[in-house]
Amino acid sequence: MIIDAHTHVDSGSKETFRAAYSELESSMDDNGIDAAIVMPMMGDDYKTRRFCEPIIEAAQTNPRVLPMAIFDPDEKDESLNAIMEYLANDLIIGVKFMIGYQTYHPKDLMVRPIIDLAAEKGVPVKFHTGATAKGQKAQLRYCCDPFQFDDIATLRPDLKVDCAHFNAPNFLNMSPMLEKNSNMCADLAGLFYGSADPRRNGWVKILQSDLYKAIVYLEDTSQIMFGSDNPICDQTEHMTFIKDFFRRHEFGQNDQRKILGENARRIYNVDAWLARRGLR
Ligand SMILES: [Zn+2]
């Protein structure tokens with residue numbers, strides 16, 4: 001099973017969701033992707049219920065949509081209530097925290113009820129880690145320091161902590177955290193803009209070797225998940241990148257399968273999620 005562990009759709013209304021999801025689905029078809037973790041786009045008009053519900057509704061009948069809600073401290077109580085309700089009713093596969101873009105720490109008491117319930121339910125939480133998009137208002141101390149993700153993973157061994165973007169571009173800083181915390185994982189979404197061709201994109205050439213170092217340090221691929229950050233970054237280019245990455249560094253079939261989907265399938269309890277909906 002191939003899973004993109006990190007995608008977004010514009011879900012501000014049912015109409016925009018339909019259009020955005022249909023584009024995502026055709027890209028998934030082109031790239032042989034079976035399912036995707038789908039979360040809303042978070043803009044100025046983001047409201048948790050309005051933006052999450054079209055995705056949650058689609059996931060009830062579509063096994064390719066694995067819905068993830070995003071917490072928003074700007075509407076703290078409403079967002080908290082919505083996400084607690086989704087978790088209690090088994091309506092989401094995970095919860096995302098846009099730390100860095102929004103200034104709070106993983107240990108903030110504000111999100112504690114979500115963390116507690118997610119841990120109790122075995123639902124992973126995904127934190128933004130590493131650099132933020134150019135031109136966005138953000139404070140990097142909240143997301144570029146992997147120690148705070150180590151803190152939460154260590155203090156809460158019952159919680160599955162997913163670090164989006166593998167702390168890009170400082171991949172090697174993330175590896176010791178992953179190495180010591182078996183309840184921690186990282187996705188490979190949004191690692192570059194534009195082309196995956198290293199002859200046309202200088203950063204991709206460096207990325208090929210820096211990411212490889214971080215994985216070699218780990219000596220294990222069980223905590224790493226393919227992701228794209230589509231449509232912010234292009235899913236096809238990210239798939240091209242990962243295939244090229246496997247070719248250049250001679251990864252075994254087993255490691256490729258794990259990174260491309262089997263890890264996400266295990267960590268996010270995808271089989272049980274689909275079975276409870278009668279979708280497999
Ligand atoms: Zn994202």
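1. A quick definition to start: a pocket here is an open set of grid points with protein on both sides within 12 Å along at least five of seven lines, and its lining residues have an atom within 4 Å of a point. Please keep in mind that this is a predicted model.

2. With that in hand, have a look at the second largest pocket. Its lining has 13 residues, and Ala20, Glu23, Leu24, Asn230 and Pro231 are the ones nearest the centre. The space inside comes to about 170 Å³.

3. Where does that lining come from? β1, α1 (14-30) and α8 each give at least two residues, and α1 has the largest share, with 5 residues. By type, the lining of this second largest pocket splits into 4 nonpolar, 6 polar and 3 charged residues.

4. Now to the zinc ion. Its protein donors are His6 (NE2), His8 (NE2) and Asp229 (OD), at 2.1 to 2.2 Å from the ion. Along the sequence, the spacing of these donor residues reads H-x1-H-x220-D. His6 sits in strand β1 (residues 3-9) and Asp229 in the loop between β8 (224-225) and α8 (235-249), so this pair, 223 residues apart, links distant parts of the chain.

5. Finally, the largest pocket holds about 1,100 Å³ of space. Its lining counts 41 residues, with Met98, Tyr101, Thr132, Ala133 and Gln136 nearest the centre. That lining divides into 18 nonpolar, 14 polar and 9 charged residues.

Notes: Residues are numbered from 1 along each chain as its sequence is written. This is a predicted model: local features need pLDDT of at least 70, side-chain atom pairs count only at pLDDT 80 or more; totals for chains, interfaces and linings use all residues. Side-chain values use heavy atoms; hydrogens and water are left out. Donors are N, O and S atoms within 2.8 Å of the metal (3.2 Å for Na, K and Ca); water is not among the atoms, so sites may look incomplete. Helices (H or I, at least four residues) and strands (E, at least two) are DSSP runs, numbered from the N terminus. On a 1 Å grid over the protein atoms alone, a cavity is a set of points where a 1.4 Å probe fits but cannot get out, and a pocket is an open set with protein on both sides within 12 Å along at least five of seven lines; lining residues have an atom within 4 Å of a point. Grid points are joined across faces, edges and corners, and a volume is the space filled by probe spheres set on the points. Ala, Val, Leu, Ile, Met, Phe, Trp, Tyr, Cys and Pro count as nonpolar, Asp, Glu, Lys and Arg as charged, and the others, Gly among them, as polar.
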